[in-house]
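Reader: Could you walk me through this model, a piece at a time? I would like to start with one of the helices and then move on to the strands.

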Amino acid sequence: MMVLISQPMAGKTQQEIVETRERAIRTLRESGYEIIDSLLPNGLQNGFMKRSLKVINVPLYYLAQSLELMSCCDTAYFCEGWEQARGCCVEHEAAREYGLKIIYEVTEGEQ
């Protein structure tokens with residue numbers, strides 16, 4: 001069972017992003033999932049992408065990469081706050097429209 005993690009990142013520190021992702025990975029591995037790593041390295045950012053890859057819209061580039069990875073999955077996991085993140089909403093709609101199983105992060109207060 002392959003899963004893609006959809007995680008809001010705007011306005012988050014690198015530490016918050018890593019902690020959220022590690023929590024999601026733990027939860028998913030405990031349930032027997034294999035995680036597709038959708039965190040692209042920061043080294044691919046703006047300068048290189050704009051010069052070498054001719055990328056005009058960096059967030060759209062990352063979304064396209066994420067959707068490509070989603071095509072290898074049967075499940076999508078949405079971290080808390082996904083509803084406020086434009087890219088996560090697009091990923092959610094794609095997952096729903098293409099029949100992926102959808103799992104939502106459950107935080108301690110919601111259990």
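Reader: Which exposed residues does the face of H3 turned away from its buried side carry?

Author: That face of H3 carries Leu 60 and Glu 68, where exposed means over 50% relative accessible area, buried under 20% and partly exposed in between, with a 1.4 Å probe and protein chains only. Please keep in mind that this is a predicted model, in which local features need pLDDT of at least 70, side-chain atom pairs count only at pLDDT 80 or more, and totals for chains, interfaces and linings use all residues. Residues are numbered from 1 along each chain as its sequence is written, and side-chain values use heavy atoms, with hydrogens and water left out.

Reader: And which residues of H3 are buried?

Author: The buried residues of H3 are Val 58, Leu 63, Ser 66 and Met 70. They lie on the same side of H3, because they cover an arc of only 140° around the axis, the arc being that of the directions from the helix axis to the C-beta atoms. As background, an α-helix has 3.6 residues a turn, so residues three or four places apart point the same way.

Reader: How far apart are the end C-alpha atoms of H3?

Author: They are 19 Å apart, which agrees with the 18 Å that the 13 residues of H3, residues 58-70, should span at 1.5 Å a residue; the expected span is 1.5 Å times one less than the number of residues. At the start of this helix, a side-chain oxygen of Asn 57 comes to within 2.9 Å of the backbone nitrogen of Leu 60.

Reader: Stepping back, in what order do the elements of the chain run?

Author: From the N terminus the order is β-α-β-α-α-β-α-β, which comes to four helices and four strands. Helices (H or I, at least four residues) and strands (E, at least two) are DSSP runs, numbered from the N terminus. Of the 111 residues in the chain, 34% are buried.

Reader: Which strands does E3 pair with, and in what sense?

Author: E3 pairs with E1, residues 2-6, in the parallel sense over four bridges, and four bridges also join E3 to E4, residues 101-104, again running parallel. Two strands pair if DSSP finds at least two bridges between them.

Reader: Are the faces of E3 covered or open?

Author: Both faces of E3, residues 75-78, are covered, with Thr 75 and Tyr 77 buried on one side and Ala 76 and Phe 78 buried on the other. E3 also forms a right-handed β-α-β unit with helix H4, residues 86-97, and E4. A crossover is right-handed if, with the strands pointing away from the viewer, the path from the first strand over the helix to the second runs clockwise.

Reader: Back to E1: how many of its residues are buried?

Author: Four of the five residues of E1 are buried, so this strand is largely enclosed by the rest of the structure. Three bridges join E1 to E2, residues 34-36, and these two run parallel, with Glu 34 as the bridge partner of Met 2. The chain crosses from E1 through H1 to E2, in a right-handed β-α-β crossover.

Reader: What does the side chain of Ser 6 make a polar contact with?

Author: It makes one with the side chain of Glu 91, at 2.4 Å. A polar contact is a pair of N or O atoms within 3.5 Å; within protein, one must be able to donate a hydrogen and the other to accept it, and residues adjacent in sequence count only if both atoms are side-chain atoms. Ser 6 is found in E1 and counts as buried because its relative accessibility is 1%.

Reader: And where is Gln 7 found?

Author: Gln 7 is found in the loop between E1 and H1, and at 8% relative accessibility Gln 7 counts as buried. Its side chain makes a polar contact with the side chain of Arg 21, at 3.1 Å. Leaving aside neighbours within four places in sequence, Gln 7 is in contact (heavy atoms within 4.5 Å) with residues including Glu 16, Ile 17 and Cys 79.
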